[in-house]
Amino acid sequence: MSRFEIVKETSFTGTTLYYIEKDGSYIMNSASTDLTKVEDYLHNIIKNKEQEKFKETIKTIEIENETD
């Protein structure tokens, strides 16, 4: 089981930032000053079975290395 938390961080200047942590670790690119965006991002993570990123190889090119 994983634990997700939306964290609110306020700087001494009054700027507020929200972000998501999974089991105490920051999830990359989850930070925003807009709480609604962070909540939507969390819902998408949960909907996608906790997959935070999707990686797909589009094209591969192999080149034979020249030897001296």
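**A chat about a β-β-β-α chain**

Mentor: The secondary structure of this chain comes to 1 helix and 3 strands. Keep in mind that this is a predicted model.

Trainee: Okay! What pattern does the chain follow along the sequence?

Mentor: Reading along the sequence gives β-β-β-α.

Trainee: Which way do β1 and β2 run, parallel or antiparallel?

Mentor: They run antiparallel: β1, residues 4-10, is joined to β2, residues 16-22, by 7 bridges. As one example, Phe4 has Lys22 in β2 as its bridge partner.

Trainee: And what sits between those two strands?

Mentor: They form a hairpin with 5 residues between them, and Gly14 in that turn has a positive phi of about 95°.

Trainee: How many bridges join β2 to β3?

Mentor: There are 2, and this pair is antiparallel too, with β3 covering residues 25-26. Lys22 stands opposite Ser25 there. This hairpin has 2 residues between its strands, and Asp23 in the turn has a positive phi of about 50°.

Trainee: Switching to the helix: which residues of α1 are buried?

Mentor: Val38, Leu42 and Ile45 are buried in α1. They cover an arc of only 60° around the axis, so they lie on the same side of α1.

Trainee: Why would residues a few places apart point the same way?

Mentor: An α-helix has 3.6 residues a turn, so residues three or four places apart point the same way.

Trainee: What covers that buried side, and what is on the face turned away?

Mentor: The cover for the buried residues of α1 includes β1 and β2. The face turned away carries the exposed residues Lys37, His43 and Lys47.

Trainee: What happens at the ends of α1?

Mentor: Asp34 caps the N-terminal end, with a side-chain oxygen 3.0 Å from the backbone nitrogen of Thr36. After α1 comes Lys49, whose phi is positive, near 55°.

Trainee: New topic: where is Ser30?

Mentor: Ser30 is in the loop between β3 and α1, the helix at 35-47.

Trainee: Is Ser30 buried or exposed?

Mentor: Ser30 has a relative accessible area of 4%, so Ser30 counts as buried, since the cut-off is under 20%.

Trainee: What is Ser30 in contact with?

Mentor: Leaving aside neighbours within four places in sequence, Ser30 is in contact with Tyr18, Tyr19, Ile20, Val38 and Tyr41. A polar atom of the Ser30 side chain also lies 2.8 Å from the backbone oxygen of Ile27.

Trainee: And how much of the whole chain is buried?

Mentor: Of its 68 residues, 18% count as buried. The accessible surface of the chain comes to about 6,200 Å², with 48% belonging to carbon and sulfur atoms.

Notes. Residues numbered from 1 in each chain as written. Predicted model: local features only at pLDDT ≥ 70, side-chain atom pairs only at ≥ 80, totals over all residues. Heavy atoms only, no water. Pairing = 2+ DSSP bridges. Helix = DSSP H or I, 4+ residues; strand = E, 2+ residues; numbered from the N terminus. Buried < 20%, exposed > 50% of the residue type's maximum accessible area, 1.4 Å probe, protein only. Areas by Shrake-Rupley, 256 points an atom, 1.4 Å probe, with all protein chains shown as cover. Polar contact = N/O pair within 3.5 Å; in protein donor to acceptor, adjacent residues only side chain to side chain. Contact = heavy atoms within 4.5 Å. Arc of directions from axis to C-beta.
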